[in-house]
Amino acid sequence: MGSAQMCNLVLFLAILHAVLAVSPGEDNSAESYWLLRIKSELVDPVGVLDNWSPRAHMCSWNGLTCSLDQTHVLGMNLSGSGLSGSISHELWHLTSLQILDLSSNSLTGSIPSELGKLQNLQMLLLYANSLSGKIPEEIGLLKNLQVLRVGDNLLSGEITPSIGNLTQLRVLGLAYCQFNGSIPSGIGNLKHLVSLDLQKNSLDGHIPEEIHGCEELQNLAALNNKLEGDIPASIGMLRSLQILNLANNSLSGSIPVELGQLSNLTYLSLLGNRLSGRIPSQLNQLVQLETLDLSVNNFSGAISLFNAQLKNLRTLVLSNNDLTGSIPSNFCLSNSSKLQQLFLARNSLSGKFQLDLLNCRSLQQLDLSDNNFEGGLPSGLEKLEHLTDLLLNNNSFSGNLPSEIGNMSNLETLILFDNMITGRLPPEIGKLQRFSGSISPLLGSNSLTALDLTNNSFSGPIPSELTQSRNLSRLRLAHNHLSGEIPSEFGSLTKLNFFDLSFNNLTGEVPPQLSNCKKIQHFLLNNNQLAGTMPPWLGSLEELGELDFSFNNFHGNIPAEIGSCSGLLKLSLHSNKLSGNIPQEIGNLTSLNVLNLQRNNLSGSIPSTIQECEKIFELRLSENFLTGSIPPELGKLTELQVILDLSENSFSGEIPSSLGNLMKLEGLNLSLNHLQGEVPFSLTKLTSLHILNLSNNDLQGQLPSTFSGFPLSSFLGNDKLCGPPLLSCLESAGQEKRGLSNTAVVGIIVAIVFTSSLICLVMLYMIVRIWCNWRKVTISSMDAGGTEQRREEEKWEYGDKEKRTNGKYWKVNSMALVPSQDKQNPRTCIFHFKMDTEITGNTLV
């Protein structure tokens, strides 16, 4: 006999013993049998079902409720018992069951269709398990069912239309599942339905018009689905409706004016849809409304809602629309307003700060950010004495920050960045605190936790009075014109975690008192004129995640203590005057994502310990004086993605082939170094690379063909490098040969020119000698007074006869010889020269 059969036999005997143990006339033996069968399919690690035993009466078992005569089980409540396993198909045998609650366990499997046989069932609670599959159609047979909650499971498929048959249903909870398809129109048959929760599914299609049949509906929640189309006007017939939440769907069209008839509505949220048009003024009729959220839509036009009419309104959210105009002047007419939250951010509202807002005395949060408001801030802001959060950023507010703001004792967050506020920071901001019975307001418990004045035009020094707000955790004064030194009193802000003074004109050194701010996570002093050395106490800021001291005048070494900031994600010290070596301790920053040390005077080699920074995805060390070879350990930084920039240093040696392991790398710059050897073929594995610069090195050999798509400038300045986009290696070799031939040609040309010049000089020398000899002979003949010579002289003239002097006209210095008037001897200049040659020749003989 198998073990399974043996277990069944034991179970049968136990049940038989239980049947025989009860007194005659009791008929609960069958139900106890089925209950033990149900127990056998459950896993009970906590032991909740331990007393489910034949030795005890079933009405004493945990979680069970029996009839008055203790013969039938009417209720089973095992909610939150830590049970797992599946829901037994044998439950249908408990025919008197009215309540079944197995919620908040770890049950799996499907909902048994046999539950449809429990005709007396009034409440079925299976929510918060891991049930899967569809809702069985047989659920529609439970004519007496009043509560059905099966949400927060893995159920899927369409909602069974048979639910429309549950005419006694009052609560239907199908939220947080994976249902798809449309909402069944049969929902309209549920006239007694009070709560319908369909949120967080994948339901699509239109909201059925038939929903107006749910006459007693008070709660309709269908947020976070994919519903589309218009909001049906028939919803306006649900006069008992108190909560309507259709947020985060794809509903379009305008808000039906019929919603103004929901006189009992207290909560209305339509955020995150595609609704458009104007906000209907009929919504002002919802006098019971406490929360109205129409944000993240496409509403346009002016604000037509008035807190004077919506007297119970506590929260109004109209952010992220395209509303225009100004805030209505009669928005708050009296001090009896209950409005606590007003969010109008990210619209196109304009005008000045509406003074009537100061009548909303109960306001706790006011957000007017990302609009086009202008003008100065009213000094009466202090009237909003309950205000905790004031967000006015990204507008065009101007003028000075009113000092009265220091009287807003409950203010916790003040955000004013991206405005045009000028002047000095009022010291009164330091008085932002909550009184607690102290005589001096400066001794009270501070309330201001966030102050953001980024991107304005504040000037002058930072008031040390800010440090009186001892609970400040977020201080941002970036992008202003603040000057002077950082107040040392900031060291008392021990709760500070975000400290941003970047993009100002601050000078001096970093005060050592800041070492007391142990909770700083973001430390931003970049783009100032700070000087001095990098303080070693930075290593004591154990929670530091971002350190940016770039674009200053810091000098000296990078402190080795920085390696103690094990949680550092970004270290940016570029554009300073830092010198010395990169510390070996940089390898301790195992969480580092960004390291930027470029544009300094760093020297030495890259420490091999950098391989421990395995999470780094951006590494910039360019424009320094680093030497040595590129460490092959860089190839272990496989998360490098944005860029590896080692350009403008003095690196030598070859490019390590291990760089080919950086498969995510998008940018590689090794230009302006002294790298040698060939470009390693392993770099072709960098398929994500779209920026490559190897120019101005001493690289040689053929480029891998995959680099042909990069621009020519990526490889220039490497005379022995060839291959596309440079010249092909064959052309490069041919060009070298042609270079030798050209040299020879140049040599020949030089020789020819030299020889020709020498010959010309020799000929010129001979001509001069001949002329000199001829000159001597001529003068000698003239002195002798030869008769024949004179006769010939009379036949030629040079210039006027009046200018001749004793034979001087024979001094030929041009071809401008002209014949004499004697026409009997028309001799040319050449003939005459021949005659003279003959004479000269006779004389020489």
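The model is predicted: local features need pLDDT of at least 70, side-chain atom pairs count only at pLDDT 80 or more, and totals for chains, interfaces and linings use all residues. Residues are numbered from 1 along each chain as its sequence is written, and side-chain values use heavy atoms, with hydrogens and water left out.

**Salt bridges**

- The structure contains 9 salt bridges, where a salt bridge is a side-chain nitrogen of Lys or Arg within 4 Å of a carboxyl oxygen of Asp or Glu.
- Side chains of opposite charge can pair when their charged atoms come close.
- One of the salt bridges joins R346 and D370, at 3.8 Å from N to O. R346 sits in the loop between β25 (341-343) and β26 (350-352), and D370 in the loop between β27 (365-367) and β28 (372-375), so the pair ties together parts 24 residues apart in sequence. Strands (E, at least two residues) and helices (H or I, at least four) are DSSP runs, numbered from the N terminus.
- R346 is partly exposed at 37% relative accessibility, and D370 is partly exposed at 28%. Buried means under 20% relative accessible area, exposed over 50%, and partly exposed in between (1.4 Å probe, protein chains only).
- Another salt bridge connects D548 and K570, at 4.0 Å from N to O. D548 lies in strand β42 (residues 546-548) and K570 in strand β44 (residues 570-572), 22 residues apart.
- D548 is buried at 8% relative accessibility, whereas K570 is partly exposed at 26%. Salt bridges with shared partners join E546, D548 and K570 into one network.
- R620 forms a salt bridge with E618, with the closest N and O atoms 2.7 Å apart. E618 is buried, at 15% relative accessible area.

**Nonpolar patch**

- F754, L758, V762, Y765 and M766 make up a nonpolar surface patch with about 550 Å² of accessible area together. Such a patch takes residues with over 30% relative accessible area and no salt bridge, joining nonpolar side chains (Val, Leu, Ile, Met, Phe, Trp, Tyr) within 5 Å, while like charges are joined within 9 Å. Areas come from the Shrake-Rupley method with a 1.4 Å probe, and for residues only the protein chains shown count as cover.
- V762 belongs to helix α3 (residues 729-784) and is partly exposed at 43% relative accessibility.

**Parallel sheet**

- An open sheet of 4 strands runs in the order β51-β53-β55-β56, with parallel pairing. Two strands pair if DSSP finds at least two bridges between them.
- β51 (652-654) and β56 (720-722) are at the edges with a single partner strand each, so one side of each has no neighbour in the sheet.
- β55 (residues 698-702) pairs with β56 in the parallel sense over 3 bridges, and Q700 stands opposite K720 in β56.
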